[in-house]
Each structure stands twice: as structure tokens, then as C-alpha cells.
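Try each task before reading its solution.

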Amino acid sequence: MNQFEPLLQPLQLPNGIQVANRFVLSPMTTNSSTKNGHITNEDLRYAARRSNSAGMQVTGAAYIEPYGQLFEYGFNIASDDCIPGLTKMADTMKQDGNIAIIQLAHAGRFSNQAIRNYGKVYGPSPMKLHSPIEHEVIAMTTDKINSVIEDYKAATRRAIEAGFDGVEISIAQRLLIQTFLSTFSNQRTDEYGKDTLANRARFGLEVMQAVQEVIDHYAPSDFILGFRATPEETRGSDLGYTIDEFNQYIDWVMDVANIQYLAIASWGRHIYQNTSRTPGKHFGRRVNQVVYEHLNGRLPLIASGGINSPESALDALQNADMVGMSSPFVTEPDFVHKLADHRPQDIDLKFTMAELDDLAIPEAAFKDIVQMMDYGEGLERQTRDELRKLQHNYDD
């Protein structure tokens, strides 16, 4: 018997949709779209090569408005003229019968592209920051908050029209919604302010409720709403929010939206092994385990971060229902197939330029993304250095 058989078993989501195995192709931006964020043939070739890599697949962050653009050359879902290209992307991702999800995101004060384009970004509170260049963070007015909620609604409608099987709302890794939840970033004194968890959670809950209303009105009954988040925010021993607060937040999200899974994401190495820094009974325990026990079977949990081998995937599955990988599927799109064929020894995460065409990797790819791969070290340094060479092709 294949010792990795648990990873190959199907999983049924709460809405009855069946995922073919426990692997998820997690969000990875290739930076191969047009300057305006429209889908290119290279985007489609890359997606086609990986259309059967995992039971469920989630696109890189699609920005819902220009001030929320996370990556240059990333997907745009901020206007209706994006729909034809996104329709091709959805069809390509689904061509082998697997599930295609598009991630909707607003980068907030971490929108490097908005900083370059406009010299300012939005966040919960005013700030003056110096990275990547000196810039100002504009505190969002109530009107701007409502405008962003409308942007999420419009983006959800476009995703439905384009034919995706679902949308994923990401508040992970210091994106806009997460900064409202964080006492590090949120110094407001209004109904969205720092004084109570309910106030800090309000913006995110309003987004989720609004997205659910669009799904109820426009989407088929089996449409998937996913949620990606960071369960604990830390700066050394300081906490922007605790894991107990996060668990309460997830309960509130489930009250207002029919989410079908929760994906855990954060910065750093071996994220799926992170331990809690919240004082008390959870301190030192694996973050995934604490959240998994809190969910208690109510919702599938996706673990991610540092999972790049069959052994680490099996380890992560102890405290999760599915495992997410991103960079390993860049260089080894046949990871799951080799595992299913009892050939784990043939899984090869290395990469040379000679494999560029076979792997359908765009010649200009991963601009600024390899630096993020460096944080996680999901691929070996030599492989990352090879991928880094592709960034030079943007000059042409």
C-alpha cells in the first residue's frame, strides 16, 4: 500500500463538491500578464500545463481595484473588459475536470505597484513608510471602505461570469482586510477601530457578507467561497491579534458567509509548523492544530507554507484536511501523479533553462516573486537562482 495514500483520497466540501485529492495548487503569481493585468497566451500555457496538477487550484492574487494591485503584471479583475481573458483562464484551469478558484485581493498599504503608480496607498490608519520608497498611507474614509466592498462585489460577479468554480477572499499576509484586524496597523477610533475585536473585524465581515450576497444572486448553487488568512500576527513576542481572537473571527465569518474552506498562509519558512505565541493554553502548540481543533470538522482546513515533499505533505495533513503547495508545482507539475504512481523518488524540484518549454514557464516570469520564494525556501537555492534569471527578460 502507498504510504502516501491519505494524500490521494478525495475530499467532499460542505456544499457537496468533491475534490479529487488532498492537494491544492496554492496562489502563485507568475507576473506574465499584460501591464494592464489582462490574461496572455503565456498565462494560459502555464495554467494548461498544471491543469491536472492538483484537485483544486487557486490563481495568484487578482486585484479588485488599481490601488489594491499586489504585483506588477498580475491578474486584473477590476473591470468588465477583463472577463474574456479570465473566461479563457477558467476554461483552461478546468479542462481536466479539476476545481478552478480565483483569488480576490486588495493589497492595501502593501501595494508596491500602487506606490509606484500613485505615490500613496490606503490602509486603516495614516502612516508614513519608507519601503520600497517613501510614501504615505491614507486612512480610509467610510465612503472608501464602502467603495472597496462594492469592488469586491463587482469582482465576484465577474468571476462568476467568467466561469470560475469559486472565489477565494484573502486576508492573509498583511493584505488590506488583515490590517484592519491588526492592532499593529489599526489605530482608528470609529466603528472599524482598535477598541474591540468586533470593530476590527467589521470591515472583513462586511466584505464577506457582501460577496455572499452576490454569490446567492448570480452563482450556481455549488459555487465555492474560500477564505485565506493568517491565524496569528506576531512581531517578536508582540501580538497584533491572538489565535483566540482569530478563532472567534472565523466563527463570525461562518455566520455571515457560506465558506467552503479555510486556507492558512503566512510569511517565513515551514509555515505549516509554526507554533503559537499567544500566552496561555495554546502557547507553543502548532498554529494549524489549534485552528483545526477549533473548527472541529465544521470546515475543511488547508495547510500551506514549506510543504515541498510527500513527507512534509503527510506531516501537514495531521492537522489539516488538504495541503497547499505553490512553488513546487512551478518546477514539478507532475508531483501528485508521480506520487499516485508509486514513484515519489522521481519527484524532482530542480530546474534548468532547458526545461522552460516543457514546463510552460513564461520567458519573462516571477518578477519580484523569487525574492518571496527566498523567504520560504520551498525550492533549493540553485533552482531559485535559475528562475531569477527570467526577471531579466522583462527588459526586452
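**Exercise 1. Characterise the packing of helix α5 against helix α7.**

Solution. The model is predicted. Start with the axes. Helix α5 spans residues 142–162 and helix α7 spans residues 197–218. Their axes come within 9 Å and cross at roughly 35 degrees. Next, the hand: the crossing of α5 and α7 is right-handed. Then list the contact residues. From α5 come Ile145, Val148, Ile149, Tyr152, Lys153, Thr156, Arg157 and Ile160. From α7 come Phe203, Glu206, Val207, Ala210, Val211, Val214, Ile215 and Tyr218. Finally, sort them by class: 12 are nonpolar, one is polar and three are charged.

**Exercise 2. Work out the strand order and pairing of the sheet that holds β8, β9 and β10.**

Solution. The sheet is open, and its three strands run in the order β8-β10-β9. Pairing is mixed. Now find the edges. These are β8 (120–123) and β9 (127–129), each pairing on one side only. From one strand to the next, the twist averages 30 degrees. Take β8 with β10 (residues 135–139): the two run parallel, joined by four bridges.

**Exercise 3. Describe the largest cavity and its lining.**

Solution. Search the whole structure first. One cavity of 30 Å³ or more turns up. The volume of the largest cavity is about 260 Å³. Its lining has 22 residues, and Met28, Tyr46, Thr59, Gly60 and Phe75 lie nearest the centre. Then assign elements. Those giving two or more residues are α2 (41–49), β4 (56–58), α3 (83–93) and α11 (327–331). With three residues, α2 gives the most. By class, the lining holds 11 nonpolar, nine polar and two charged residues.

How values were computed:
Residues are numbered from 1 along each chain as its sequence is written. This is a predicted model: local features need pLDDT of at least 70, side-chain atom pairs count only at pLDDT 80 or more; totals for chains, interfaces and linings use all residues. Side-chain values use heavy atoms; hydrogens and water are left out. Axes are lines fitted to C-alpha atoms, for helices over the stretch in contact, and angles run from 0 to 180 degrees between N-to-C directions. A crossing is left-handed if the near helix is turned anticlockwise from the far one by less than a right angle, and right-handed if clockwise. Contact means heavy atoms within 4.5 Å. Ala, Val, Leu, Ile, Met, Phe, Trp, Tyr, Cys and Pro count as nonpolar, Asp, Glu, Lys and Arg as charged, and the others, Gly among them, as polar. Two strands pair if DSSP finds at least two bridges between them. On a 1 Å grid over the protein atoms alone, a cavity is a set of points where a 1.4 Å probe fits but cannot get out, and a pocket is an open set with protein on both sides within 12 Å along at least five of seven lines; lining residues have an atom within 4 Å of a point. Grid points are joined across faces, edges and corners, and a volume is the space filled by probe spheres set on the points.
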